[in-house]
Amino acid sequence: MNILVTGGTGYIGSHTCVSLLEAGHSVVIADNLSNSRKETVNKIKEITNRDVLFHEIDVSNKDQVKKLFSNNKFDGVIHFAGYKAVGESLDLPISYYSNNLFSTIFLAEACINYGVRRFVFSSSATVYGDNQAPFKETMKLLPTTNPYGSTKEMSERILTDVAKANSSFSVSILRYFNPIGAHQSGLIGEIPKGHPNNLMPYITNVAKGKFDKLFVFGNDYSTLDGTGVRDYIHVMDLAEGHVKALESIDSGVEVFNLGTGQGTSVLQLLKAFEQANGLEIPYEIVERRPGDIATCFADTTKAEKHLCWKAKRGIFEMCRDAWRFETQYTD
Ligand SMILES: NC(=O)c1ccc[n+]([C@@H]2O[C@H](COP(=O)([O-])OP(=O)(O)OC[C@H]3O[C@@H](n4cnc5c(N)ncnc54)[C@H](O)[C@@H]3O)[C@@H](O)[C@H]2O)c1
């Protein structure tokens, strides 16, 4: 299939392009490079030995989306493009709502107008709010505490309504848990901008000496060691989940959790990183961070059954691959 990957030079998008190409699909990337670099396209080509088309466009711009669809014939769209920093979304709600919602609306509209049936959407476990883990796709979604989370919940609703009204449009909504790690080549990975919000880029920045120590936000949660528990998933497992989801799209809308089903605490991840890479990471326990929940991990039964997909890489591999990318990557 010829697949449009929006946000394809970004972290998850670039790894998914590799998996798509390795599965025999063709890839057209649309990215405005607001949080990524054009040289990633060459890295994807280098890893896969395949050609990739790249368009530097803004997918929240209706005219640019229309032009892209009129000049290409797509069999499916995987929509990663969007802003993703929770904290920033509280300061810039208009940017977040307009970028994340207009892109979804205009891409869905173009799919209807140009007869593209398959649409895969990047959602997030954040839509479960503070439900009790493990999170199941059938759970009632709880209000999120930030505009970023709201854009994911609203995009899910928009796509569901569009699919209901158009039997020729089918959607797979993927709720990601916590992707970390990098491609084993060390050529592509997560390039965090500014102060990292997520744990792994924070740890690798401390390991690199950019920060003195890691601040651990709270050790009084009701978890095994008091620190927050998350479901970390290797980005290549996540990428492979997208290929399965795209290929298995049938009709209507399906929602899938993409996680490992295993919870890992902040201190457990820190220790795993130290052991996997022979490094020591200084840390300090500080106050809880507002909005953080104690425990978040997936029930992965549905993805395993319907997509025949299961994450297979472990926490050490995630830590090793994340660090390999950091040490090979130059600003
Ligand atoms: N990384 C995570 O932990 C995580 C978790 C859950 C969901 N998600 C979602 O997955 C998707 C991909 O996340 P990521 O971590 O790869 O982020 P990323 O920032 O690395 O990638 C997003 C890409 O989209 C591009 N982009 C943004 N707005 C655009 C626009 N209007 N037009 C064209 N390109 C645009 C950026 O330049 C970037 O290359 C996002 O929608 C994000 O919300 C990410």
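Phe-211 has a relative accessible area of 23% and so counts as partly exposed. The model is predicted.

- Phe-211 sits in the loop that runs between H7 and strand S8 (214-217).
- Leaving out residues up to four places away in sequence, Phe-211 touches His-195, Pro-196, Tyr-202, Asn-205 and Val-206.
- Why is Phe-211 partly exposed rather than buried? Its relative accessible area is 23%, and buried would require a value under 20%.

**H7 against H11**

- The handedness of the H7 and H11 crossing is right-handed.
- On the H7 side the contact involves Met-200, Thr-204 and Ala-207, and on the H11 side Cys-319, Ala-322, Trp-323 and Glu-326.
- By class, the residues of this H7 and H11 contact are five nonpolar, one polar and one charged.

**H9 against H11**

- H9 and H11 make a right-handed crossing.
- H9 contributes Leu-269, Ala-272, Phe-273, Gln-275, Ala-276 and Asn-277, while H11 contributes Ile-315, Phe-316, Cys-319, Arg-320 and Trp-323.
- The contact of H9 with H11 divides into eight nonpolar residues, two polar and one charged.
- Cys-319 and Trp-323 of H11 take part in the contact with H9, and Cys-319 and Trp-323 are also among the H11 residues that meet H7.

**H1 against H8**

- The axes of helix H1 (residues 11-22) and helix H8 (residues 235-248) cross at roughly 60 degrees and come within 8 Å.
- H1 and H8 are therefore oblique to each other.
- Their crossing, H1 with H8, is right-handed.
- From H1, the residues in contact are Tyr-11, Ile-12, His-15, Thr-16, Val-18, Ser-19 and Leu-20.
- From H8, the partners are Val-235, Met-236, Leu-238, Ala-239, Glu-240, His-242, Val-243 and Leu-246.
- The residues of the H1 and H8 contact comprise ten nonpolar, four polar and one charged.

**Thr-264**

- Thr-264 belongs to strand S12 (residues 264-265).
- Is Thr-264 buried or exposed? Thr-264 is buried, because its relative accessible area is 11% and the limit for buried is under 20%.
- Not counting residues up to four places away in sequence, Thr-264 touches Gly-228, Val-229, Arg-230, Tyr-232, Leu-269 and Ile-315.

**Backbone**

- Most residues other than glycine have a negative phi, and most peptide bonds are trans.
- Leu-33 is not a glycine, yet its phi is positive, near 60 degrees.
- Leu-33 is placed in the loop between strand S2 (26-30) and helix H2 (39-48).
- Asn-49, also not a glycine, has a positive phi of about 60 degrees.
- The loop between H2 and strand S3 (53-55) holds Asn-49.
- Asn-49 counts as exposed, with 71% relative accessibility.
- Ala-133 and Pro-134 are joined by a cis peptide bond, with omega about 0 degrees.
- Pro-134 is part of the loop between strand S5 (118-124) and helix H6 (147-165).

**Cysteines**

- A disulfide is a covalent bond between the sulfur atoms of two cysteines.
- How many disulfides does the model have? With the sulfur atoms required to be within 2.5 Å, the count is zero.
- Cys-319 is buried at 0% relative accessibility, whereas Cys-308 is exposed at a relative accessible area of 61%.

Note on methods:
Residues numbered from 1 in each chain as written. Predicted model: local features only at pLDDT ≥ 70, side-chain atom pairs only at ≥ 80, totals over all residues. Heavy atoms only, no water. Buried < 20%, exposed > 50% of the residue type's maximum accessible area, 1.4 Å probe, protein only. Left-handed = near helix turned anticlockwise from the far one by under 90°. Helix = DSSP H or I, 4+ residues; strand = E, 2+ residues; numbered from the N terminus. Contact = heavy atoms within 4.5 Å. Nonpolar A, V, L, I, M, F, W, Y, C, P; charged D, E, K, R; others polar. Axes fitted to C-alpha atoms, helices over the stretch in contact; angles between N-to-C directions. Parallel < 35°, antiparallel > 145°, perpendicular 65-115°, else oblique.
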